[in-house]
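Biologist: Could you walk me through some ring contacts and a bit of sheet in this protein?

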Amino acid sequence: MKKLLFLFFALVALSAQSWAYDFSYTYQGQTLYYNIVDGNAQVTYQIDSYPRYTNLTGSLTIPSSVTYNGTTYSVTSIGNSAFENCSGLTSVTIPNSVTSIGGSSYYDGAFYGCSGLTSVYYTGDVAGWCGITFGGGPNPLGYAQNFYINGSLVTDLVIPSGVTEIKDNTFPGATCLTSVTIPNSVTSIGYNAFSQCSGLTSLTIPNSVTSIGFFAFSGCSGLTSVTIGNSVTSIGFRAFSQCSGLTSLTIGNSVTSIGDEAFSGCSGLTEIHSLNPVPPTINSSLFGGVPTNIPVYIPCGRLSYYTSAQGWSSFTNFIEGSAATFSAVSNDNTMGTVQVLTMPTCTNPQAVVYAVANSGYQFDHWSDNSTSNPYSLTVNEDMELTAYFSPIGSQPTTYYTITVSVNDAEMGTATGGGSFAEGSATTITATANSGYHFVQWQDGNTEASRSITVTSNATYTAYFAANGANEYTITVIAQNPTMGSTTGSGTFAYGTATTITAEPYEGYYFVQWNDGNTQRIRTITVTGNATYTAYFEPNAAIDDIAADQIKIYSRGSEIVIEGADNSDALVYDVMGRIVHKGRIESPIHVNNMGVYMVKVGNRQPQKVVVR
């Protein structure tokens, strides 16, 4: 009986092993095994031992779809441990149909233990890659160092606007990365997202991010400076541990808790800026290996709080400084460097900087167009000052400041501002956040990224609107285009404030808009399609004379018009502001002395002086 039971259970086990997958499919000479899950195909394994695929070596391409029994299935996932310990694999191509790469526990990543796997190719775009759910411990993608997205090696990674989360294990070990740009739409950075990306050199966490996960940037030894935005409230366990190249760290003013060993091993730190008046909660292991005598800049009046707080009290060089952060850099370190001689403090907001030119070069100007060197300036807000250098003997150059702004910081961002040489071309870019779209610049240009030629100081404002919001057309015209011109036409979102302008030509003057407004330059609020017509008139000879039995003169604070009973008159001052418009029934009262223009019917305007 025992033998029969043993045989029965053995057959059941064999049957279960045989049905560990639903079908196999051969693509480009490589046979993989699949399960049908929710009407789609999931890559799985054939045998429940290691390595899962004994015959896979070199490059592997996973198809985007497979066919079984006449039905075609989209490949949407790679299962737990599917290729575990396949050390012969050197690269894998993952189709953009995949939305999850398995791993429900620490050691069951899809490519866990694939020690030879160095390159991952993804056929979609960056947004698609960021949308994949990864799992399975620290290396669900084996030991991949090079990530190719849509055919290109990822070096300068720009996360597109609209991505709200950088998920767990998105780019672990990607030594190919040198920079990462994170948009304001991102709210969280997941576990192990960029760990061991040793090629990264600098990082700014935008103010939209609220949490940074465990090991998120652990082992990024190339990082030299990190700025954590003011909306971040928590930093995870070992989030920046072993970032040995890190020299400068700024912790935003909303961080309340920092996980154990978050900055342990950051032995290169030379300064820390903590902007929170209340010391973030930490333990003694947080800054393990960090020199305790480096300057730690804290908000004014908070010294006693930091010196008595657990974990912070080990530091010996606290400096109460301005709540604003300040830094000064060179536009080109091969031409020159910058020294910060004095940092702003609580009692003195002045910073002093000095630009040091290298051999063969000369200091030109600072990014705020000052040419003083050394340069003393007041720091009342977060600021990065840039020193510009040029070769010795080059002609002096006039520089102008281009400022970019947005109508609503919740809707999007604008970049490209700075100091530029006269006549140079530069690009300004408007990027909408998730749920919004770019409408136009304040001058009516509708290119989100546009090139401008720098001829003077200028400000460009990007206008955004909510997706689905009504947009309306504003048309601005001159009643007689030979007398003057107008600006301000364009398409605007409901509620947008924009400026329209009337400009008279020589020999003419502006009278008013079709709605009676007499401001030549005015701001309107867009609530629907509208046309604004500017009226101009020719300058007339100005005499206090009678014309066609009409006499116009002043009497005290009144303008008297005789001989024009039952006629209409238009009276306006030298600024174009209308004092009277309509039937002449009595003397017209004016509030101020000065020169007024009086137009009766269709006659030429005449001047009258009220003294």
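Here are a few questions, with answers on rings and strands.

Modeller: This is a predicted model, where local features need pLDDT of at least 70, side-chain atom pairs count only at pLDDT 80 or more, and totals for chains, interfaces and linings use all residues. Residues are numbered from 1 along each chain as its sequence is written, and side-chain values use heavy atoms, with hydrogens and water left out.

Biologist: How are the rings of phenylalanine 240 and phenylalanine 263 arranged?

Modeller: Rings of Phe, Tyr and Trp (its six-membered ring) pair if their centres lie within 6.5 Å; planes under 30 degrees apart count as stacked, over 60 as edge-to-face and the rest as tilted. Here the centres are 5.3 Å apart and the planes at 5°, so phenylalanine 240 and phenylalanine 263 are stacked.

Biologist: Are phenylalanine 240 and phenylalanine 263 buried or exposed?

Modeller: Buried means under 20% relative accessible area, exposed over 50%, partly exposed in between (1.4 Å probe, protein chains only). By that scale, both phenylalanine 240 and phenylalanine 263 are buried.

Biologist: Which residue lies over the face of tyrosine 45?

Modeller: A charge sits over a ring if NZ of Lys or CZ of Arg is within 6 Å of the ring centre and within 35 degrees of the ring normal. At 3.8 Å from the ring centre of tyrosine 45, the residue is arginine 52.

Biologist: And what lies over the face of tyrosine 553?

Modeller: The distance from that ring centre is 5.6 Å. The residue over tyrosine 553 is lysine 551.

Biologist: What is the strand order in the open sheet of three strands?

Modeller: Strands (E, at least two residues) are DSSP runs, numbered from the N terminus, and two strands pair if DSSP finds at least two bridges between them. The pairing is antiparallel, and the order is β40-β42-β44.

Notes: Helix = DSSP H or I, 4+ residues; strand = E, 2+ residues; numbered from the N terminus.
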